[in-house]
Number of protein chains: 2
Amino acid sequence: MPDSWIDLPQDTEFGLATLPYGVYDTGPGDDRGTRIGVAVGSHVLDLGAAALTAGSPHADLLRTPNLDALLAAGRPVWDRVRADLADWLTDPAREEALRPHLVDRASVRLHLPFTVADYVDFYASEHHATNVGRIFRPDQEPLTPNWKHLPIGYHGRSGTIVVSGTDIVRPTGQRKPPTEPSPVFGPSVRLDIEAEVGFVVGTPSPMGGRVGVDGFADHVFGVFLLNDWSSRDLQAWEYVPLGPFLGKSFATSVSPWVVPLAALEAARVEQPAQDPEPLPYLRGTQPWGLDLRLEVRLNGHVVSRPPFSQMYWTAAQQLAHMTVNGASLRTGDVYASGTVSGPEVGQRGCFLELTWSGKEPLRLPDGTERTFLEDGDEVTITATAPGPDGTLVHFGEVSGRILPAV
Amino acid sequence: MPDSWIDLPQDTEFGLATLPYGVYDTGPGDDRGTRIGVAVGSHVLDLGAAALTAGSPHADLLRTPNLDALLAAGRPVWDRVRADLADWLTDPAREEALRPHLVDRASVRLHLPFTVADYVDFYASEHHATNVGRIFRPDQEPLTPNWKHLPIGYHGRSGTIVVSGTDIVRPTGQRKPPTEPSPVFGPSVRLDIEAEVGFVVGTPSPMGGRVGVDGFADHVFGVFLLNDWSSRDLQAWEYVPLGPFLGKSFATSVSPWVVPLAALEAARVEQPAQDPEPLPYLRGTQPWGLDLRLEVRLNGHVVSRPPFSQMYWTAAQQLAHMTVNGASLRTGDVYASGTVSGPEVGQRGCFLELTWSGKEPLRLPDGTERTFLEDGDEVTITATAPGPDGTLVHFGEVSGRILPAV
């Protein structure tokens, strides 16, 4: 790819290989409303304004307050817009017209980039599911008999998906300490994270139809980071027999920049071997493992480096499973991988695993210890993936700080 | 209440005590788009047109394609619009101006009445939960230890909520027959219904806040019938440990007429006694048991008469529970009661219970038997509740027919 007329250092967070989409305004006093931006180096390009200036045939759907119309437009338009963007940013003749549409990335306020339709959370890391099984059900086999036959998932609450930077109020509810005869009520005392990767559906599918594994790239627009905040004490008491509810529904944070699937070609890898072989509807012809390398920081200290390449089920398999029963897809449907945990202790994607249910506190470099999250704690998840020509694709971050219970 | 200038027989389905809201058009060739209607007798009143004619200050939010704006307007507006409607329909001086805005109810096509935000399904019938526990987990106590402490619920799929009359395609997926070593793939062979009552949230609430039991009438706009179609074979194989997913997500049908909460004053009853006493956040000062009497018909034959008054947890308690962790409410959030089953065999709200997991087939008057649903079967759920002065409030119906798997 030729160089950009924008000064992009080799190690810039968002080089030409990434070009993620987000939604921004410039803060209080900005009366133009939110608009679509593309992160490039230390800038954000006003995509709608740039498209109008450049005479793009897609200017109308890019001059909108969020990504909804772009998501609905489908793969050919996504590819065209991305190709145009690369042209605009590398063509010196465009600089004069486009530079006025760049704003300093540090000056913008980022918003939830699209309207969330349904939200499904999967459970696709064998290491995570095994660890959780050992902790929650120590007298049973850690993996349930269905686990290697289907990507287990469940629906979460769309209405409490929030953008990175939103404070998280510690949830309150029922928990049942083993020493008490009845449940007690109060703020959660085992507040946790789940470091995950999220996917957003662009192209919808009809009720009664199915999307196969190989339909993944036609339907999924892009990828982001997701923190599925979890209250382990609420969850442990409520989740039998119908699954997690209030232990999860208080908040889910997402990173503001959606990385297009097309930016991840160099990150595609074979997923781990699957044994037993899954049923035919879960087999695809192309690898959709993704070599994303996550980092989890607690108050600035790295506490885990979960490897997404180790996930047992791919996002393509999850999409096929989610629709095999005829469930429709809507533009804006979000689904997430489930906690990303690798085989090593330092690769576990939640504190439940990192501290083995609180029994093995984490010692932080500042001398303090943690089992679960304390008020004031800030958790930040970042990720990179291999890009073309030795570059790195960055995902920005999803971050949130814990406020005391109300 | 004075009589209406519309001829309303004493036994009319929708008398002045009900006045439910729906969304309609008049079918192919109607280029006005969908609009809000109120069912009265054998008519539908074009609410937006009537409001404009009558000079209502709320005409703008009623001249819209669905109930979203009315739902968001809140209890004082809901009460004002309902009072105005009663005035208009009983004031002889209004007849000439309003009669042109009546259409024959048999001629309209009804649509999903509002935009569904999140969907939560509860599990609030002790009789149902006990029966299901006995069937699915015969070696354990039928009720899990948490059941009488909190209204168990989980999130379902909003995108596959459809209006009554929509055909239901038999879902396909994995099931694990006990005689097979591995799961098999194919159309569900244990397709079921769940006869439920649904509630729609109008007034939203912020993240981090809570809605108490006594906030129910401020937030909930109205009530309708819901059939939570369920594939018992998909569900049994997938639901441990994270709950039902594909066994439910293929379709949920709702009745098209939303009955305002205000129409149910005469139907309010004390709920069954709760022992143990629930935690304080689940106690209210007013009764919110509701004496709805459901009827379930299979191909025209009544197969069950579930009594909603027997539900252990009320919709007011469910709302308080759903928000106690700080989860926000959005306009259009739907939540449902869970299967309504009474103590008698003929009061069970699903075929899983009615046929005891297929072991005791139902004999239909036409000489055929049923365990679970067959292709071509049509299920219709109706309900009535006591209205003022000995009248009955009707809920219309939620109906759906099974199409063969694709």
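1. How many residue pairs are in polar contact between chain A and chain B, counting those with both residues at pLDDT 80 or more? In this predicted model, the count is 24 residue pairs between chain A and chain B.

2. Salt bridges between chain A and chain B come to a count of 2. In a salt bridge across the two chains, Arg157(B) pairs with Asp333(A), and the closest N and O atoms are 3.0 Å apart.

3. The size of an interface is often given as the accessible area lost when the parts come together. Here chain A and chain B bury about 5400 Å² between them, with 63% of it on carbon and sulfur atoms. On the side of chain A, the residues that lose the most area to chain B are Arg157(A), Leu242(A) and Phe245(A), which together make up 15% of what that side buries. The contact itself takes 57 residues from chain A and 57 residues from chain B.

4. As for annotation, an unreviewed UniProt entry lists residues 120–384 of chain A as "domain: Fumarylacetoacetase-like C-terminal". In the model, the span of residues 120–384 of chain A is 15% helix and 27% strand, and its end C-alpha atoms lie 24 Å apart.

Technical notes
Residues are numbered from 1 along each chain as its sequence is written. Chains are lettered from A and ligands numbered from 1 in the order in which they are written. This is a predicted model: local features need pLDDT of at least 70, side-chain atom pairs count only at pLDDT 80 or more; totals for chains, interfaces and linings use all residues. Side-chain values use heavy atoms; hydrogens and water are left out. UniProt positions are given in the numbering used here, feature names are shortened, and annotations may be inferred rather than shown by experiment. Helices (H or I, at least four residues) and strands (E, at least two) are DSSP runs, numbered from the N terminus. Contact means heavy atoms within 4.5 Å. Buried area is the accessible area (1.4 Å probe) that two parts lose on being put together, summed over both. A salt bridge is a side-chain nitrogen of Lys or Arg within 4 Å of a carboxyl oxygen of Asp or Glu. A polar contact is a pair of N or O atoms within 3.5 Å; within protein, one must be able to donate a hydrogen and the other to accept it, and residues adjacent in sequence count only if both atoms are side-chain atoms.
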